[in-house]
Amino acid sequence: MSNEQELPEKATDEQADVISAQSASAQLDSNVDDSSQPQAAQKVNVEELSQKLEEAEQKATENWDKVLRIQAEMENLKRRTQKDLENAHKFALENFAKELLTVVDSLELGLQAAIGDSPEVQKFREGSELTLKQFEAVFSKFNIEVVNPLGQPFDPELHQAMAMQPSADAEPNSVINVFQKGYVLNGRLLRPAMVVVAKAEDNPPQETPKIDEQA
């Protein structure tokens, strides 16, 4: 009887050991699962942070490009404004100068018509010449230059051809007469010079053939 009682007790101890081992294994598996969860969560967080960092860098690059474009536009606007101001200062007298040109034209025409040796004519000429010199001084002060191209090649930028005439003495396409002088203000044309331009003769004289007297 004592042997029969010892066998169940021994079996019970073995079962307890098995149950204890199974419990320990389950606990270990549970610990492994619990430790892997934070690692997976950490991996997800790193990927999200990396993506957000890339998006932030891309947005920063786009904003920097916008800043550079705005700076370039501001510089261009500044240069255009400065140039407009300079032109406004240079050409502020343009309309006024054009009105003065008609006065100068009248004085010059009056001098051309003042023919004679009478004292009245001489006084008129002296007064007109003095006035013209004063105009020339004022024009020089404000960078108004005369365009008087007599004998010069025709320039369509500064001259206006009123007629073309054949000429044996002048080069073709050169100015042989000036009806009205032109003027420029700081390099900008106020009024073109009205001119007559030379052209080649239609029937140039032919050379007389030389005769060999010894023939």
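Trainee: Which residue forms a salt bridge with Arg125?

Mentor: This is a predicted model: local features need pLDDT of at least 70, side-chain atom pairs count only at pLDDT 80 or more, and totals for chains, interfaces and linings use all residues. Residues are numbered from 1 along each chain as its sequence is written, and side-chain values use heavy atoms, with hydrogens and water left out. A salt bridge has a side-chain nitrogen of Lys or Arg within 4 Å of a carboxyl oxygen of Asp or Glu. The closest N and O atoms of this pair are 3.8 Å apart, and the partner of Arg125 is Glu129.

Trainee: In which helix do Arg125 and Glu129 both lie?

Mentor: They are four residues apart, about one turn of the helix. An α-helix has 3.6 residues a turn, so residues three or four places apart point the same way. Helices (H or I, at least four residues) and strands (E, at least two) are DSSP runs, numbered from the N terminus. Arg125 and Glu129 both belong to helix α3.

Trainee: Is Arg125 buried, exposed or partly exposed?

Mentor: Buried means under 20% relative accessible area, exposed over 50%, and partly exposed in between (1.4 Å probe, protein chains only). Glu129, at 34%, is partly exposed. Arg125 has 25% relative accessibility, so it counts as partly exposed.

Trainee: How far apart are the end C-alpha atoms of α3?

Mentor: The helix has 23 residues, 119-141. The expected span is 1.5 Å times one less than the number of residues. That gives 33 Å, so it agrees with the distance between the end C-alpha atoms, 33 Å.

Trainee: Which elements do the buried residues of α3 pack against?

Mentor: The buried residues are Val121, Ser128, Leu132, Phe135 and Phe139. Contact means heavy atoms within 4.5 Å. These buried residues of α3 pack against α2, β1 (144-147) and β4 (182-185).

Trainee: What is the pattern of helices and strands along the protein chain?

Mentor: The chain has three helices and six strands. Read along the sequence, the pattern is α-α-α-β-β-β-β-β-β.

Trainee: What percentage of the contacts with a separation of 6 or more comes from residues 24 or more positions apart?

Mentor: The chain has 215 residues, of which 16% count as buried. For contacts with a separation of 6 or more, residues 24 or more positions apart account for 65%.

Trainee: How many salt bridges does a search of the whole structure find, and which residue pairs with Glu94?

Mentor: The search finds five salt bridges. Glu94 is found in helix α2. The closest N and O atoms of its bridge are 3.1 Å apart, and the partner is Arg188.

Trainee: How many residues apart in sequence are the parts that this pair ties together?

Mentor: Glu94 is in helix α2 and Arg188 in strand β5 (residues 188-191), so the link joins parts 94 residues apart in sequence. Glu94 is buried at 15% relative accessible area, whereas Arg188 is partly exposed at 36%. Glu94 and Lys98 are also linked with Arg188 in a network of salt bridges.

Trainee: Which residue forms a salt bridge with Asp105?

Mentor: The closest N and O atoms are 2.6 Å apart, in a bridge between Asp105 and Arg191. The pair links distant parts of the chain, helix α2 and strand β5, 86 residues apart. The partner of Asp105 is Arg191.

Trainee: How far apart in space are Gln160 and Pro192, C-alpha to C-alpha?

Mentor: Gln160 lies in strand β2 (residues 159-166). Leaving aside neighbours within four places in sequence, Gln160 is in contact with residues including Pro192 and Val195. Gln160 and Pro192 are 32 residues apart in sequence, and their C-alpha distance is 5.9 Å.

Trainee: Which residues make the nonpolar surface patch?

Mentor: Patches take residues with over 30% relative accessible area and no salt bridge; like charges are joined within 9 Å, and nonpolar side chains (Val, Leu, Ile, Met, Phe, Trp, Tyr) within 5 Å. Accessible areas come from the Shrake-Rupley method with a 1.4 Å probe, and for residues only the protein chains shown count as cover. Leu93, in the loop between α1 (2-90) and α2 (94-113), is partly exposed at 32%. The patch covers about 350 Å² and is made by Leu93, Phe96, Val138 and Phe142.
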